[in-house]
Amino acid sequence: MQALRRLTVLTSTIRPIKQRSRAMATVAPSHFMATSGETEPVWVHTEPYSNRPKFSQLKQNTSADVCVIGSGIAGIQSAFELIKRGHTVVMLEARDAISGESDRTSGHLASALDDRYIEIAKLHGEEGAKLAADSHKWASKHVGEVSKELGIECEYRQLPGYLVSMYDRQTQGKDHDKDVKDTIKPEAKEATNSGVPSDFREGYAIKGWDGKPDQRDATVFADQATFHPTKYLVGVLKWLKEQPNFTCYTQTRVMDVKEKGIELLGIGKKTVVVSTQGGSEVECSDAIQATCVPLQKLSVVAEMEYNRTYCIAIKVPKGYVEDCLLYDTAEDYKYIRLTHCDEQNDYMIVGGCDHKVGQEETTGRFAELEKWTRERFTKAGSVDYAWSGQVFDPVDYMAFIGLNSGMKHTYIVTGDSGNGLTHGVLAGRLIADEIEGLPNDWGKLYAPSRKASLLKSAGSILAHDVQIQTQYKRFLQSDIKDIEDLQPGTGGVLNPTLKAPLAVYKDDEGGVHKFSALCPHLKGVVCWNGLEKSWDCPVHGSRFSKDGICITGPAKAGLSPVDEDGRAMQAEAIKA
Ligand SMILES: Cc1cc2nc3c(=O)[nH]c(=O)nc-3n(C[C@H](O)[C@H](O)[C@H](O)COP(=O)(O)OP(=O)(O)OC[C@H]3O[C@@H](n4cnc5c(N)ncnc54)[C@H](O)[C@@H]3O)c2cc1C
Ligand code: FES
């Protein structure tokens, strides 16, 4: 979880360490249909966007047993479970398939959870920690089983995970020892109690860590896993496409999900109507909002923190670094893992440097990750990919998976807390069980309507709420004084009257395009993210492409254009 952070205004024009070769100019509008930012994740190195299955737009009303909204890991895995069980499924995706955070992840399939078992047990009890371990262990293994069953070559393998101190043994000895005593050793004990076999190894350092910082001593978690997420998802989606009871529509944005009819004490049956921006509807018995964050005003949306997070992929000789997952104990921790690059090299993915969406500069994050890596792994080569993404951290550490509060047939999956891949996989089984009325012990831990653990987190919710409310002070700010000051390919918020802030984008040729800077969700004032060329809302993390297209909820619609150039730019992006 992130500490509350200082608000800083974003107006900069930041470039990643190494750009895509074609990217000195702003990318084409279609890029934001394929992925949620201007930078490219390492996964496209071996799985380009062109390999992803293609689908058409929904242009007429249709029906199915279940409508799955969103084609990330949660949507695809839910569809997979339901299709296997004989249901008919219609999947709706606002942009191209797999264009959300599942495409920008770092690919750990961990049961050693980011928020740590010592903290989870405090809020959810020993029983809750055991259920968390059981569900993530199942999910991590299940990806291996599915990839084997469908013959998907996705680098799936099991490997150890290591938790090391953020402090140097030599120069920060006292802090290091305290960290070992208070966190690293107790986590080994609590993880083992919860069902993730772990042990503390004094003096352990992974192979390849040949640089100066001495962070030896580690808790080792057995049976963690990793894979190439996009290869896996493309493989499952290709299999789904061949199934007669599956249909998918892309470029089909969902605007509303309503339950109709009366269902009381087991009498009567509601139906769910899913309405799209184009006007077509899907009528279904159940709907699953697998949109990363649900398309609604508040409820669970207010019980999460929204963070940007950064990754680099740096070349290392094959065999130089131990194939493992490694995390340090910092609050916005650093982590590593490996993926295939070529015959001689692997890519080491190094991640971290999180901060609240729209509340801090994006500059310097990749440089920090690179410095951290080079200090520890002296044979690291070039940084070939550098990208950012978004994570959603529930205040009580557990994702929200199950029936949405107050609904009978509308399910949500959200709150990845850095373990969104395994959350997405376990959501597939849990929601399929709940739709079929089958018992599933995990249900109570993840129930979106849970109260006890959230009550224990009331202090954090309150602090978070206060912090959110302060974001509205952006109404009284103007990030730029004059449009002339904007460099080509950048944007900024202009608020001359302190009443109607404008999101102004200047294209590479100097053309100016204006949109309302008010987020359609709850009227936060967006900020310019110079790294990803997006407009990010600091209130609940909604994001919009430079053209104002919604790329991350909870907003459903895009930013409203306020001039002809803005309208033309947005129309071109929607058409792309
Ligand atoms: C840098 C980074 C590293 C990470 N590392 C890890 C890791 O190592 N391990 C791990 O477990 N997790 C990790 N995570 C988290 C994990 O990647 C995500 O939680 C997970 O991929 C989310 O999957 P999802 O299916 O819920 O959402 P997404 O993949 O975002 O999919 C949601 C889909 O819904 C679509 N959509 C949204 N709104 C609408 C609408 N109105 N109508 C129709 N469709 C809509 C979107 O376009 C998108 O395609 C990481 C995340 C990031 C950003
Ligand atoms: S995301 Fe809620 S106001 Fe913008």
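Which element gives the most to the shell around ligand 1?

## The shell around ligand 1

The answer is helix α7, which contributes four residues to that shell; helices (H or I, at least four residues) and strands (E, at least two) are DSSP runs, numbered from the N terminus. The structure is a predicted model, in which local features need pLDDT of at least 70 and side-chain atom pairs count only at pLDDT 80 or more, while totals for chains, interfaces and linings use all residues. Residues are numbered from 1 along each chain as its sequence is written, and chains are lettered from A and ligands numbered from 1 in the order in which they are written.

Around ligand 1 there are 42 residues, of which Gly70, Gly72, Gly100, Gly389 and Gly420 come nearest; a residue is near a molecule or strand if its C-beta atom, placed from the backbone, lies within 6 Å of it. Two or more residues of the shell come from each of α2 (73–84), β11 (304–317), β15 (383–394) and α7 (420–435). By class, the shell holds 13 nonpolar, 22 polar and seven charged residues, where Ala, Val, Leu, Ile, Met, Phe, Trp, Tyr, Cys and Pro count as nonpolar, Asp, Glu, Lys and Arg as charged, and the others, Gly among them, as polar.

## Helix α7 and its partner α3

Helix α7 also packs against α3 (residues 117–150), at an angle of about 90° and with the two axes 8 Å apart. Axes are lines fitted to C-alpha atoms, for helices over the stretch in contact, and angles run from 0 to 180 degrees between N-to-C directions. The two helices, α3 and α7, are therefore roughly perpendicular to each other, a label used for angles of 65 to 115 degrees, whereas those under 35 count as roughly parallel, those over 145 as roughly antiparallel and the rest as oblique.

On the α3 side the residues that meet α7 are Ser135, His136, Trp138, Ala139, Ser140, His142 and Val143, and on the α7 side they are Thr422, Val425 and Leu426; two residues are in contact if their C-beta atoms, placed from the backbone, lie within 7 Å. This contact has five nonpolar, five polar and no charged residues.

## Two domains

The domain assignment gives domain 1 (39–105 + 230–302 + 397–465) and domain 2 (472–575), with bounds that come from an automatic or database domain assignment. Taken over C-alpha atoms, the domain centres are separated by 28 Å. Where the domains touch, 10 residues of domain 1 are in contact with eight residues of domain 2, and the side of domain 1 at this contact has six nonpolar, three polar and one charged residues.

## Strand pairing

Strand β4 (residues 157–164) pairs with β6 (residues 218–226) in the antiparallel sense over seven bridges, and Leu159 stands opposite Gln224 in β6; two strands pair if DSSP finds at least two bridges between them. Strand β4 is also joined by four bridges to β12 (residues 325–328), and these two run parallel, with Gly161 opposite Leu325 in β12.
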